[in-house]
Amino acid sequence: MYYRHFGLRKIQSNAYIGKLDNLELDDLKNQIKLVIRQKDSVLIFPLCEKCYSKKENLGRKIKFQEDFYRVF
């Protein structure tokens, strides 16, 4: 099966962050629907820039970059 990272960065074992436009988000949702099992859950949280800017880092520091990379 063909997988794409959609330019998202892995920040924890099952947590990703990044910017997606509406077409990319729809494509991601369609890819997830192809592989998700009944017992699985995927949560997508939209964050505005104001909310994102209020993030706090505790413990190991995560380097957040504005220019997310794409891996295909």
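Helices (H or I, at least four residues) and strands (E, at least two) are taken here as DSSP runs, numbered from the N terminus. By that definition, Glu24, to which this tour will return, has its place in helix α1. The model on screen is predicted, and local features need pLDDT of at least 70, while side-chain atom pairs count only at pLDDT 80 or more, and totals for chains, interfaces and linings use all residues. Residues are numbered from 1 along each chain as its sequence is written, and side-chain values use heavy atoms, with hydrogens and water left out.

Begin with the whole chain in cartoon view, where the secondary structure comes to two helices and two strands, in the order β-β-α-α from the N terminus on.

Next select residues 9-12, strand β1, together with residues 15-17, strand β2: these pair in the antiparallel sense over three bridges, where pairing requires that DSSP find at least two bridges between two strands.

Move on to residues 22-35, helix α1, whose 14 residues reach 21 Å from the first C-alpha to the last, close to the 20 Å expected at 1.5 Å a residue (the expected span being 1.5 Å times one less than the number of residues). At its start, show the side chain of Asp21, an oxygen of which reaches to within 3.1 Å of the backbone nitrogen of Leu23.

Glu24, Leu28 and Ile32 are buried in α1; they cover an arc of only 75° around the axis, which puts them on the same side of α1, the arc being that of the directions from the helix axis to the C-beta atoms. On the other side of α1, Asn22, Leu23, Lys33 and Leu34 are exposed.

Which relative accessible area makes Glu24 buried? Its value is 19%.

Finally, select Tyr52 and Lys55, where Lys55 lies over the face of Tyr52, at 4.2 Å from the ring centre (the criterion being NZ of Lys or CZ of Arg within 6 Å of the ring centre and within 35 degrees of the ring normal).

How values were computed:
Buried means under 20% relative accessible area, exposed over 50%, partly exposed in between (1.4 Å probe, protein chains only). A polar contact is a pair of N or O atoms within 3.5 Å; within protein, one must be able to donate a hydrogen and the other to accept it, and residues adjacent in sequence count only if both atoms are side-chain atoms.
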